[in-house]
Amino acid sequence: MSAPTKHRSAEEIGRTALGPRPFPELGEQRAAADMETVDTTLANGLRVIAVRRSSVPMVEVRLRIPFGDPASSSVGSTHSARAEVLANTILTGTATRSRVDVDTELALVGGELDAVVDPERLAFSGNALMSGFDTVLDVLRDVLTGATYPAGEVERERARLVERIRLARSQPNVIAREALQRHLYGDHPFAKEMPEADEVAAVSQEDVRALHSTAVLPRGSVIVVVGDMEPDAAVRAVEGALGGWTGEGTAVTLSPLPVVQGGDVVLVHRPGAVQSQIRLAGRGLVRTDERYPAMQLANLVYGGFFSSRLVENIREDKGYTYSARSHSEFTPGGATLLVDADTASEVTAAALLETRYELGRMGLVPPSESEVDTARRYAIGSLLTATSSQGGLASFLMNLAGLGLDIEWFTGHPRRLAAVTVEQVAAVALEFFAPTAFTGVLVGDADLLAPQLRALGGVTLP
């Protein structure tokens with residue numbers, strides 16, 4: 001009978017007779033490789049970005065249609081309700097295809113096609129084997145030009161949406177997000193990321209069809225194709241399928257948001273809550289700003305990845321939270337720097353104190369060369385990893401296109417990150433990470449939190 005296998009612990013594996021086992025040297029990070037691309041605009045106003053990537057015999061398709069409210073600038077509009085129902089039913093039938101037909105045809109070519117909407121855009125995401133590219137485009141053409149929104153499908157999806165919205169609004173993260181959006185942007189349509197359940201319940205088949213005819217427009221929209229094919233051939237295929245998609249006017253983009261101003265954090269009372277959601281926001285930088293690469297690295301050092309100062313402080317050292325992070329959000333006409341942390345009620349005030357402390361320390365104790373270099377490697381590596389697949393690259397390029405950027409920004413960004421100096425990061429940190437530059441909301445039980453938050457200061461109590 002053989003002796004049982006002895007398993008070594010992680011500590012044993014990491015050591016040798018001479019001491020700790022040394023880590024291998026990090027390899028040199030490679031910039032994004034040159035790619036064959038075509039970026040053009042069809043006669044109907046649809047912008048086409050085609051990229052050849054031959055990693056697998058697949059094709060990824062992304063379509064972005066600006067979908068702002070064409071009739072109102074008020075958060076009280078029912079546009080978001082109609083848009084949600086449209087996005088959930090646009091693939092459920094056309095004059096020539098039923099919902100089953102759409103699903104079956106895509107499945108036969110190893111493909112899929114989905115639609116989602118937010119205050120800024122209606123987006124389609126699809127993929128298939130290369131042999132099924134024409135099928136995906138033809139289904140997309142059919143729903144863009146001939147979606148019928150069958151009454152039964154509208155009724156069914158509308159009921160599902162109502163239930164999902166009611167459930168979502170009971171979730172702490174949703175409560176915090178909506179409170180933050182209202183605090184930052186007031187009645188701007190961007191603040192209304194989710195419609196009210198009763199608004200959705202009132203949407204009719206006629207409402208959805210009318211919205212389609214006035215808002216699903218090619219001019220101002222962009223389609224991205226990434227796959228194992230010549231870019232010129234991809235453009236010809238898109239033009240053949242979607243060149244006949246027409247409509248009057250241009251797809252509606254949202255107006256710029258107001259600039260975020262620093263100020264008190266607003267406490268939002270959630271009776272009986274045992275956890276609190278801290279959500280801070282400050283002014284960010286758009287990707288075209290020459291200081292953006294330095295801002296990106298400063299954000300990483302502060303709270304943008306696991307080795308950041310904020311995570312080390314309130315998670316690893318003090319155990320106030322399991323999840324803390326900071327990140328940039330690119331908004332119509334600008335950018336916002338967000339800080340998120342969820343904490344137990346009894347340590348909420350202390351976590352807010354330490355979060356502000358780390359913001360102040362960014363300017364007064366600037367990131368070291370080692371911190372900046374680690375953040376730089378992470379930024380370049382994560383960019384290349386996120387765009388290494390066809391789908392990841394297609395989604396990233398679609399998001400860039402929505403910000404008015406092209407593939408040249410993507411291929412040049414690793415070089416811009418590599419050129420950032422410690423001094424540039426320090427200058428950005430001093431200007432943008434001051435605690436007084438931030439405002440936000442804190443969702444929790446005010447009866448428990450108010451005494452400590454009042455003593456801490458900088459918090460508006462209910």
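Two residues are in contact when heavy atoms of theirs lie within 4.5 Å; the exercises below apply this to a predicted model.

**Exercise 1. Describe the surroundings of Thr355: in which helix is Thr355 found, is Thr355 buried or exposed, and which residues does Thr355 touch?**

Step 1. Begin with the secondary structure, where Thr355 is found in helix 12, the run of residues 348–364.

Step 2. Turn to accessibility: a residue counts as buried under 20% relative accessible area, and Thr355, with a value of 1%, is therefore buried.

Step 3. List the partners, leaving out residues up to four places away in sequence; Thr355 then touches Leu280, Tyr302, Leu310, Ile314 and Val339.

**Exercise 2. Work out how helix 10 and helix 13 are arranged relative to each other, and state which residues make the contact.**

Step 1. Two packed helices are described by the angle between their axes and the distance between the axes.

Step 2. For helix 10 (residues 292–304) and helix 13 (residues 369–386), the axes come within 9 Å and cross at roughly 105°.

Step 3. Angles of 65 to 115 degrees count as roughly perpendicular, and helix 10 and helix 13 are therefore roughly perpendicular to each other.

Step 4. On the side of helix 10 the contact is made by Gln296, Leu297, Leu300 and Val301, and on the side of helix 13 by Glu371, Val372, Ala375, Arg376, Tyr378 and Ala379.

**Exercise 3. Place Val59 in the fold by giving its strand, its accessibility and its contacts.**

Step 1. Val59 lies in strand 5, which covers residues 58–66.

Step 2. The relative accessible area of Val59 is 1%, so this residue is buried.

Step 3. With residues up to four places away in sequence not counted, Val59 touches Gly126, Asn127, Ala128, Leu129, Met130, Phe133, Val225, Val226, Gly227 and Gln390.

Step 4. As a separate distance check, Val59 and His188 are 129 residues apart in sequence and, C-alpha to C-alpha, 37 Å apart in space.

**Exercise 4. Examine the backbone of Tyr149 and its location.**

Step 1. Most residues other than glycine have a negative phi.

Step 2. Tyr149, a residue other than glycine, has a positive phi near 50°.

Step 3. Tyr149 is found in the loop between helix 4 (133–146) and helix 5 (151–168), and with a relative accessible area of 1% Tyr149 is buried.

**Exercise 5. Decide whether the overall dimensions agree with a compact globule.**

Step 1. The protein holds 17 helices and 14 strands, and its C-alpha trace spans about 65 × 65 × 60 Å along the principal axes.

Step 2. A compact globule of 462 residues would have a radius of gyration near 23 Å, and the 25 Å of the protein agrees with this.

Step 3. Buried residues make up 50% of the 462 residues, and among contacts between residues at least 6 apart in sequence, 81% join residues at least 24 apart.

Definitions and conventions: Residues are numbered from 1 along each chain as its sequence is written. This is a predicted model: local features need pLDDT of at least 70, side-chain atom pairs count only at pLDDT 80 or more; totals for chains, interfaces and linings use all residues. Side-chain values use heavy atoms; hydrogens and water are left out. Axes are lines fitted to C-alpha atoms, for helices over the stretch in contact, and angles run from 0 to 180 degrees between N-to-C directions. Helices (H or I, at least four residues) and strands (E, at least two) are DSSP runs, numbered from the N terminus. Angles under 35 degrees count as roughly parallel, over 145 as roughly antiparallel, 65 to 115 as roughly perpendicular and the rest as oblique. The radius of gyration is taken over C-alpha atoms; the globule rule is 2.2 Å times the number of residues to the power 0.38. Buried means under 20% relative accessible area, exposed over 50%, partly exposed in between (1.4 Å probe, protein chains only).
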